[in-house]
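Visitor: Please take a close look at the aromatic pairs. I would like the cut-offs along with the values.

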Amino acid sequence: MNNDLDDKPLECLSDRTALILIDLQKAIDDPVWAKVGPRNNPDAEQAVVRLLAAWRRAGWPIFHVCHDSTSPVSTYRPGQPGNAFKPEAMPLAGEPVVAKHGHSAFVGTDLEVQLRRAAIGSLVIVGVITNNSVEATVRHGADLGFSILLPEDACFTFARLDGAGRLWSAAEVHALSLSNLDGGYCQVTSSARVLASLNAASAA
């Protein structure tokens, strides 16, 4: 998704803007996810690495969300290798980890409580997959009153078949999900613009 992202004014970031990383666990690399078709944004993890490093340098709040699936066939189920964080998204000591069992990171967790307690009003959300846990968390967060930025190159999804048997590529699924969210629930942008805004805010 490219569109006019660079033409949209980017909402100001501050030290009360939290980076929320969704389900960036080894499970997402299992071939089962790509059985219908490959993922998009092959460099998404590198965009996450850059954002995570910048947040850490600035000392801004970071929250890691892990999916502890209750499904016996899920690649995210605890007790197997897929439940572990991907190396590039590994939490550091002191960075909060929020475990969820459903789609939204706000359901059945204390994420909202932690954010309110820290007086955090805006979020940058990254991770997987775009049209599932990322979308659910963005929608829920917006309804709770948080201002949300969604860097489109720091999340990804996979191809899907619809009910009529039509194959939708990962790029198409990703773009449609972002289009549904942009404006009403969040501001879709790029990781480069988020980094530029963070650097400007840190230098101010």
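Guide: First, a term: buried means under 20% relative accessible area, exposed over 50%, and partly exposed in between, with a 1.4 Å probe and protein chains only. Phenylalanine 146 is buried, at a relative accessible area of 4%. Phenylalanine 106 is buried too, at 9%.

This is a predicted model: local features need pLDDT of at least 70, side-chain atom pairs count only at pLDDT 80 or more, and totals for chains, interfaces and linings use all residues. Residues are numbered from 1 along each chain as its sequence is written, and side-chain values use heavy atoms, leaving out hydrogens and water.

Rings of Phe, Tyr and Trp (its six-membered ring) pair if their centres lie within 6.5 Å; planes under 30 degrees apart count as stacked, over 60 as edge-to-face and the rest as tilted. The whole structure holds 5 aromatic pairs. Tryptophan 55 and tryptophan 60 make an edge-to-face pair, 5.6 Å centre to centre with 85° between the planes. Tryptophan 55 is buried at 0% relative accessibility. Tryptophan 60 is buried at 9%.

The ring centres of phenylalanine 106 and phenylalanine 146 lie 5.9 Å apart with planes at 15°, so this pair is stacked. It links distant parts of the chain, 40 residues apart. Phenylalanine 106 sits in the loop between β3 (97-100) and α2 (111-117). Phenylalanine 146 sits in the loop between α3 (130-143) and β5 (147-151). Helices (H or I, at least four residues) and strands (E, at least two) are DSSP runs, numbered from the N terminus.

There is also one aromatic cluster, formed by Trp33, Tyr76, Phe156 and Phe158.
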